[in-house]
Amino acid sequence: TNDRALIGLLKKLGFLDNSGKPTANYAKLKNKALAKRAIAEGIRKGYAGLYEADENAHQLAPDQLKGLV
């Protein structure tokens, strides 16, 4: 199903551990007051390497991004 791709993303962002179990950050995702901050923290953690390679990674064209990954 399409859900399988989401599992990898949730692991990358730190919401699931390697075995697929929810982490403490996953509980924050379910709380409306904390969800935005949890997502922002997950993105910072999950994409840190990309932004270390180029701090303007969000402005790069897709073919330029492929060279960074």
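The model is predicted.

Tyrosine 51 sits in helix α4, which covers residues 48-53. The relative accessible area of tyrosine 51 is 34%. Buried means under 20% and exposed means over 50%, so tyrosine 51 counts as partly exposed.

## Overall build

The protein is built from helices: five of them, with zero strands. Read from the N terminus, the order of elements is α-α-α-α-α. The C-alpha trace spans about 35 × 30 × 20 Å along its principal axes.

The protein has 69 residues, and 16% of them are buried. Take the contacts between residues at least 6 apart in sequence: 20% of them join residues at least 24 apart.

## The nonpolar core

In soluble globular proteins, nonpolar side chains tend to be buried together. Here, the largest nonpolar core has five residues. They are Leu10, Leu13, Phe15, Leu16 and Ala38.

Phe15 belongs to this core. Which residues does phenylalanine 15 contact, leaving aside its neighbours within four places in sequence? The list holds Leu10, Lys21, Pro22, Thr23, Asn25, Tyr26, Leu29, Ala38, Ile39 and Gly42. Leu10 and Ala38 are also core members.

Alanine 27 is in helix α2, residues 24-29. Is alanine 27 buried, partly exposed or exposed? Its relative accessibility is 46%, so alanine 27 counts as partly exposed. Alanine 27 lies twelve residues from phenylalanine 15 in sequence. In space, their C-alpha atoms are 8.4 Å apart.

Glycine 20 lies in the loop between α1 and α2. At 34% relative accessibility, glycine 20 is partly exposed too. Glycine 20 and isoleucine 7 are 13 residues apart along the chain. Their C-alpha atoms are separated by 7.5 Å.

Note on methods. Residues are numbered from 1 along each chain as its sequence is written. This is a predicted model: local features need pLDDT of at least 70, side-chain atom pairs count only at pLDDT 80 or more; totals for chains, interfaces and linings use all residues. Side-chain values use heavy atoms; hydrogens and water are left out. A nonpolar core is a set of buried Ala, Val, Leu, Ile, Met, Phe, Trp, Tyr and Cys residues joined through side-chain atoms within 4.5 Å. Buried means under 20% relative accessible area, exposed over 50%, partly exposed in between (1.4 Å probe, protein chains only). Contact means heavy atoms within 4.5 Å. Helices (H or I, at least four residues) and strands (E, at least two) are DSSP runs, numbered from the N terminus.
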